[in-house]
Amino acid sequence: MSAEPEQGATPAKVPEAEAAEAEAVEDTEAKGAVSAPGPDGPKKTTRRFPLLTRDTARPEGGGRAAAGDAPAPARQWPLLSVLSTVGLGLLLTAFDVFRAGTILIGLALIGGAVMRWALPGVGMLAVRSRFTDMVTYGALGAVIVLLALMAQPNGMQVPFLDGILHFTISS
């Protein structure tokens, strides 16, 4: 029998090569962005999604809006201001001041979009990315204000919305 390896088989590692490879592994350090350390030390992050999700990333701007030692309501003042304005609008609507109440609800959402754009940390008002939150809050607020202005008699007249309404009802 010959001492040569068969075709397709990998040759056995020489002890010097194994020692050099082990030394190279020990000397490697992750540079740049580093994820959570693994069993072999810190690993470099990649742009690929992991096969196993270990945690949920906080939305950009989702940190506290006030210092950590402040009481909970003070840390979440942007969300509380939007919710309290919406609550006041619902209260006005319940007391039969429909137009003012619904306009106030829409303006609260638009205010949430402005806060999401202007403030670096808005607490729990940050749900998704900054752009998505701004578009969602702003669009919903604008639609609510527009519909509130059109809802009652002698309200604003938008011709293309009348056409859409007649098309949906007559179909």
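**A helix and its neighbours**

Reply: Happy to! A142 has 40% relative accessibility, so A142 counts as partly exposed (buried is under 20% relative accessible area, exposed over 50%, partly exposed in between, with a 1.4 Å probe and protein chains only). The model is predicted, so local features need pLDDT of at least 70 and side-chain atom pairs pLDDT 80 or more, while totals for chains, interfaces and linings use all residues. Residues are numbered from 1 along each chain as its sequence is written, and side-chain values use heavy atoms, leaving out hydrogens and water.

Me: Which helix holds A142?

Reply: Helices here are DSSP runs (H or I, at least four residues), numbered from the N terminus. By that numbering, A142 is found in α5.

Me: What do the buried residues of α4 pack against?

Reply: The buried residues of α4 include G101, I105, G106 and L109. Contact means heavy atoms within 4.5 Å. The partners of these buried residues are α3 (77–94) and α5 (130–151).

Me: How are α4 and α5 oriented, roughly parallel or roughly antiparallel?

Reply: Axes are lines fitted to C-alpha atoms, for helices over the stretch in contact, with angles from 0 to 180 degrees between N-to-C directions. The α4 and α5 axes come within 8 Å and cross at roughly 165 degrees. Angles under 35 degrees count as roughly parallel and over 145 as roughly antiparallel, with 65 to 115 roughly perpendicular and the rest oblique. Therefore α4 and α5 are roughly antiparallel.

Me: How far apart in space are A142 and G106?

Reply: In sequence, A142 and G106 are 36 residues apart. C-alpha to C-alpha, their separation in space is 6.3 Å.

Definitions and conventions:
Helix = DSSP H or I, 4+ residues; strand = E, 2+ residues; numbered from the N terminus.
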